[in-house]
Every structure is written in structure tokens, then in C-alpha cells.
Amino acid sequence: MPGKKNEKITRRQFFFVVIQTEIGVGVLSLPFDLHQAAKQDGWISLLLAGLVIQIIILAMWLTARMFPHVDLFGILPRLFGRGIGSVLSFVYCLYFIAVCVLALLLFGRMLHLWILPNTPFWILSSCLAFISFYLISSGLVVMARIYTFVSILLFIMFALLLAGVNDMQLIYLLPIGQATMPELAKGIQGAGLAMLGFISFYILYPQTEGTPVQRLKTMSLANLFVVTFYLLVVLITFGYFSTAEMALVPQPVLYLLKGIELKIISRVDLFLLSMWIVSVATSFSTYLYMSSIGLSVLFHSKKIRRFAFFSTMLAISISIYIGIEEQPIDKFSLLMTNLSIAFTGVIPLLLMVYAVVVYRIVRRKKDGKA
Amino acid sequence: MNFFKSRTKKSNQSANPEKEDLPNSTSLKENVTYLAEAFQRSSDLKFRVLEEGSAVLIYFESLADQEKIQDKFFKPYMQLTKDELMTKSSGRKMDKRKDVIQFLLKGHAAFAIDGSADIVLFSTTSTFNRSVDEPDNEKIVRGSHEGFIDNLMININLIRKRIENKNLTVNFSKLGEISATKVAVVYIDGIANPKIVKKVKDRLKTISVDYIISPGFIEEFIEDHAYSPFPQMINTERPDKTAANLLEGRVAILAEGSSTCLIAPATFFAFYQSPDDYNSRWFTGTFIRLIRLFSFIIAIGLPAFYISVVGFHFEVIPQDLVIPVKSSINDIAYPPIVEALVMVVIIELIREAGIRLPTPVGQTIGIVGGLVIGDAIVRAGLVSNFMIIVVALTAIASFVVPSNEMSTTLRLLTFPLIILSATLGFVGIVFGMLILLIHLSRMESFGSPYFSPLAPLHVKDLKDTFVRLPLFKMNNRPTDAKAVKKKTQGKSRGWITNARQKK
């Protein structure tokens, strides 16, 4: 079987896995979300979000460093004991599946709006989910290989976007610094939703080669890459569409390309959309992988494929239940935004504090007594 | 289950195992009767009675060469006494019936005397070999024009001639319980990874069948992923290609009676390489290689792309091209997917008919099939002009691949992609390509990743996959073969620095 057990991924692969997990569904609508929150200052929110995430990464690293051989699902029971730890693990699994559902929904809606208006949602979602299931059943190493390979698409996507640079009006970015703090904060939330993938650090950390510091560096580089990539996308779209126009285009990246006609091919946006499907598939797969890993640890089973299948089915059924109508999706994504603040922001920070302060002191006391 | 197993095993073995293991009898009569019985009194088994019945020469008329019998047996026989013949001649003494039978089957002549349990066997095998001509299916422009033939020893000779090294190792084994085909595992000790060599040998050992007719049999028994459309071992009839692969640390498997050599482990990109790449200048080699890899994308993706553009995303076509495309497909009664499938099947029919028919008739088929049907089918309004172009291009692209196995695989993969693109458009193509990519990346050939320099990414290996950089830049062997000795060369262009230093 490919992907032998205990085979670790290299740091380069780790870098690309994180990138591919972070860049996913959100990239097409990110400029719109940022603009809605903080107008032309949305890019500042993005930078701030990157900063916040870097802090959380540090917190996660501090926690993970104390338990070098286990991932999040091994850390939780060790910190809180089996009872509470298992419950927390289970909740995290559910959260990952919920992210999967959100990805499926947004993916389905995007395709519904742009290229396949008549194809039933369940066909698209189950196709995507089963491809991801096939991917994760081959193991993390194979996943990492593929993520590395398809990362070339990111560069092609970016190159396509460069077509819009000609018509950029940097004046649209002015005036800078008009947004108030709450607006910026809202922007950070929106940007954070597009960068959720950094939470995979918890799971990937013990499965990556290198010293703790090296791994932290790679992770920070990945974060830097994602922020830069997003920043360039956001700046290009902000420069292309005026502040008034931005409010009218929910998928500015696609609209930008739709307006450009090359001599050989028109409608470049459809090609970008096709590449975007790959990005969705990769980030979807990582979440599915994380949830199935979590479930397999919870149930003390080595048969990850079984839990992956279960997670896949669950994600498909929930997404079909919610459907791709406007309102339920908006409700669900609002819920996910709030949940994400908890699961990827607050909890990692608290975990760090608990692990570094409480856990260490308790352990030291124990050691002292013994 | 056990009951059945034991029964089938028994039936596979020869009828009288006990008798076969016995030593020869001292009685000539007994020996002769036994041998005659052992071969079911086969008519081509010749007994030549000598010295009024006290000695017999036994051989298969169909296997032994009369001239050699004259040379190796009768000449010494005239000069020497019988005892001397037993000891001093080129013959080999055998005292077991089993051995005698085996050597008779190889074409040896057996000389038996009354009163002695020893039978002397003379090597009189007649051989018919075709010349070591260049294989028809792997022609190259420049370089070696020799090819393997159906004789194992000559094939190994061709390899050894190219690698005059004591580390070149050949291991024989017999496969097939009835056919007992001689199979050789060839590798270079000290370069090939011992783990891979062991894997190959172990897998060969577990093969338990009645007969091995072609290396295709062996391939199916020992490859990692039997349910994959992709070939996982290189099939070649070229000794130079085999030698080059051995030097990269791979293992070759040859079988008696077949001119095809199997090479493992193989990567996907190995099927896109040809010795021609190295015989031409490296710019040209690179260009040709890029064309070949581009042909992969055309071969599996072009019809799918065309169908999804015509069927789903007409807006992708630039304005000036819209009218020609639209006018070409407007009068066609069938949807593009039917058009495509019809055309692809027609091309496959023409190809298959062309192979089976003798060469002169084959050309006729090409003309009738290609030109006449192609023209008529458009006029009849069954298939559009554009679809003919697309499918013809696809077929040509699939023939560019140097390996026949990979080429058939590509043509097979066109079908699922056509169906996917006809149902989901671009999305379908992306889904199809993703599945393909996942499949390629999770495959392994004898423990080394199949899609090697791309997934997992080995930047250094890319210089001999997509491009062909100058040979003096390739200092290391490709990593996918996991060779023990990494370095392939020192400074082969050291004369440049030497010249500079002299100045």
C-alpha cells in the first residue's frame, strides 16, 4: 500500500500542504468580503489577520512542542484527561466536518452561479467529496505529493490575474486609513475565514520532519506566502474595480477575468474557476483527513479509511440537507465564522496558556513530590 | 479447499515422479524402454543402434542438428574406444533418468552402452535464430540498430557486450510448471538496489502457473497494481535501452522464447523516453521530449476539452472563431459526445485492421479508412469537420509515445474523460484529471513512486524528464530507481578547466 505508516512528510511538502489547505473556497470572494467590511482598507484587515494568525501559530507551536509525538487529538486528552479530552476532540472533529460542509456549499453555489446552473447540487458535491475520499485514503504522504504538484496551479492562477494589472487604478485604494477599528476587525474575521487552514498545523506538526524551530519557520513561511498571495489578489481586484463597483461584484476575481479577452481564448474566468476546483478539493481533503484522523484516534482504530468514508458521507448529507439557497448558506457561513473564532482563535490560545502555565506547574509539582 | 489444492498440485507434476528420480539401469534394454515410454514413444525420438545392439545413440530428430552429431559424436567415436569416449570426449556423463530426459529435450544426443548406468550426453542442439535486427516497433533514427531476438543467451550476450563489467549479474530460474521457461533476472551488482532486486526475485518465485508464454504473463504476475490502466514495467526490445536502464540501477527480466525485456522499477516518465533523445543534440532532445509530453495532454484531454467547449462553454471560443465552429457543428444530427465516440471507435478500428493485415493491404486500409471514410462522414453530416480534426490529432498524439503499452493506455483513458466532459463540462475534466493525478501519485512500482520526479517532487530529476539537459550535467542517477551508487560521472568536460589552467 502507498503511504506507509509512520512515514513523515518533508518540510517542503508540509509547506505546500498548509498553503493548499488555506487557499481554498475563499479566494474568489475574499476581496468582496474584505471590501464589504472595511471598504478600500480591506487589505489592511488582511495584513492584520495574517499577524493574528501568526500569533496563533506561535501559540499552537508552543503547545505542540510540549507533545512532540502526538497531534491535537493526542494533546487534548493528555491535557484534560480522557473524558474532557475526548469530548473536545470529538467537537473538533465535528467542527472540521462542518468546515467541509461549508466548503461543499460554497463550491456548489459557485459552480451553480458560474458554469453549471442546471446540474443538481448533490452530483457536484458527491463527486468532489468522493474524489477527496479517494485522495485521503491514499495517506498523508501521497496527499502531500499531490498538493506539492498542484501548487503550480496557484502560480498559473496568479499569472492569469496579472492580465488585470494593466487596467489597475491605484487611486481606488485611496484614501487609506478611513476604516474604523470595528470595521477592520470585521475584515479580519472575513480574511480569517479564508485562511482557516492554518489549524492543520496541529495535526501535521508531529508528522513532519525537522526540528521544532525549523517546522515553525516553515509554517510561518507558509503563512507569509498565503498572506502575500491574498494581498496581491486583493490589491489587483481593488485596483481594477472602483469602490462603488466592488459592492456589485460578489466574485471580483472572476469578474475581472471575465472582462478580459485574449486573442486565443476568451472567458479566462472559466479556466481560473477550473483551477480553483483543485484548490477547493485540496483544502476539503485536508479537513476531511483531519476529522477522520480525529475519529480514528477517538475510537482507537487504525482503519482511517472507514472514518474517512463516514466523514465524507456525513459532509455530503449535511450539505445536501442545507442546500445551496442563498439564505441557509449565509446563515451557515455566519455560524461558521463565529465558530471559527472559537475553534481556531480562542481555543488554541487558551490551550497554550493552559499547557504552558497550568499543565507545566502541575507536572512539576508531581515530579517534585515523587 | 486443501483437498482441491493438493489434487491440482499432483496433476501438475509428471505422471511417474518416483520412476523419474531413479538412477539409470545398467541394462541397455531397460534404459531404452524407459526413455521410449517416458516420451510416449514419440515418433521424432530417434534410437540409432550401434555395435550390433550393445550401444544406442538417442536423440530428437526435431531438436538435434545432424551435422553437430557427426562432429561431436561420430568423429570421436571412430577414434576412441568406448571407455575413452565415456571419459575423454566432450560429452557429459549422467546417471539420473531425470537429467537425461531434460537434456534430451534440450536437443542433446544421448549415448548409452549396455552394462553401464552412465549415459553420455553430447550437446547437439540445433539453433535457428533470426538476426539481431532493429525491432520494428522501436525504431530510432540514430544509434544502435540491434534488437533482442527470441534466444535468451544471445539476448544476454547483447547486454554483456554493452556492459563489460564483472558486476553485471545474471540469475536464471525456471518458470511455468509445464513449460519450464528459462527466465533471467539481470542487474548490476553495486548499482541496483538490493531491496528491489530481492523484490523482483521474490515475486518471480511466487509465480505458480503451468506455462509462461510471454513476458506479458510475468508482468501481470509481479506488477504492483494489477488493476491500473498504466503499465508499470518498461517493455523493450532494444539492448541499448536495456543496458542504459541497468546502468541507472534498474532490474531487467528476460525470458527464453521472447524478444521482449521487462524493466523495473519504471516511472510514468520513463515511458516517454527514447534512446533517440540522447543521440541527438540536447536542444533537439529537449524539444522532442517536450513535444512528447505535450502529446500526453492532447491524447487524453483534447477531445474532452473540445466536447466541453462545444457542449457547455461556447463562450470560451474567441469571437472570430465562433462562426466557423458554429457553422461546422450546426448541421450535425448527433450531440458532440456521440460524434466523438463514433470517430474514436472508427480510428481504433482502422488501427487494429492495419496491424492485422499484411503491409500492402494495411496501407489500403489506411487510405480507405482514413481518407475516404473521413471525407464521406463529414459530407454525410454524421461528424463535424472540427471533430475529425480533434480526433485525428488525438490519435496522432497517442502514437507519439515511444512505448506501445502507454499509447494504448492513453487511448483507453480518452473514453472516461469524454464521458465526464460531456456530463459536467470543464468541471468534469478537472474531476477526471484529479482522479488521474491521485491514481498516478499513489501508484508505486517495486517500491519507488510511479509519478516520481513530479510527485514526490525531485527538482534535480526534472533535468532528465521534461527536458534533456547536456549529459555532462547529469552527475547523479535518477532517484526513482533508488540506486545504491548515486554518482554516474566525474568531470567529463574537465578538459576545459585543464586547458584554462595551462594558459
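In chain B, the unreviewed UniProt entry places the feature "transmembrane region" at residues 290-312, 382-401 and 413-438, with positions in the numbering used here, feature names shortened, and annotations that may be inferred rather than shown by experiment. This is a predicted model, in which local features need pLDDT of at least 70 and side-chain atom pairs count only at pLDDT 80 or more, while totals for chains, interfaces and linings use all residues. Residues are numbered from 1 along each chain as its sequence is written, and chains are lettered from A and ligands numbered from 1 in the order in which they are written.

**Annotated spans**
- Residues 290-312 of chain B are 96% helix and 0% strand, and their end C-alpha atoms lie 30 Å apart; helices (H or I, at least four residues) and strands (E, at least two) are DSSP runs, numbered from the N terminus.
- For residues 382-401 of chain B, the span is 80% helix and 0% strand, with 30 Å between the end C-alpha atoms.

**The sheet**
- Five strands of chain B form an open sheet in the order β6-β7-β9-β10-β8, with antiparallel pairing, where two strands pair if DSSP finds at least two bridges between them.
- Its edge strands, each pairing on one side only, are β6 (168-175) and β8 (234-236) of chain B.
- β6(B) pairs with β7 (residues 181-188) of chain B over eight bridges in the antiparallel sense, and B:Leu168 has B:Ile188 in β7(B) as its bridge partner.

**Helices on the sheet**
- Helix α8 (residues 194-206) of chain B packs on the sheet, touching β6, β7, β9 (251-255) and β10 (261-264) of chain B; residues are in contact if their C-beta atoms, placed from the backbone, lie within 7 Å.
- The direction of α8 of chain B makes about 170 degrees with that of β7(B), with axes fitted as lines to C-alpha atoms, for helices over the stretch in contact, and angles running from 0 to 180 degrees between N-to-C directions.
- Helix α9 (residues 215-222) of chain B also packs on the sheet, touching β8, β9 and β10 of chain B, and its direction makes about 135 degrees with that of β9(B).

Definitions and conventions:
Two residues are in contact if their C-beta atoms, placed from the backbone, lie within 7 Å.
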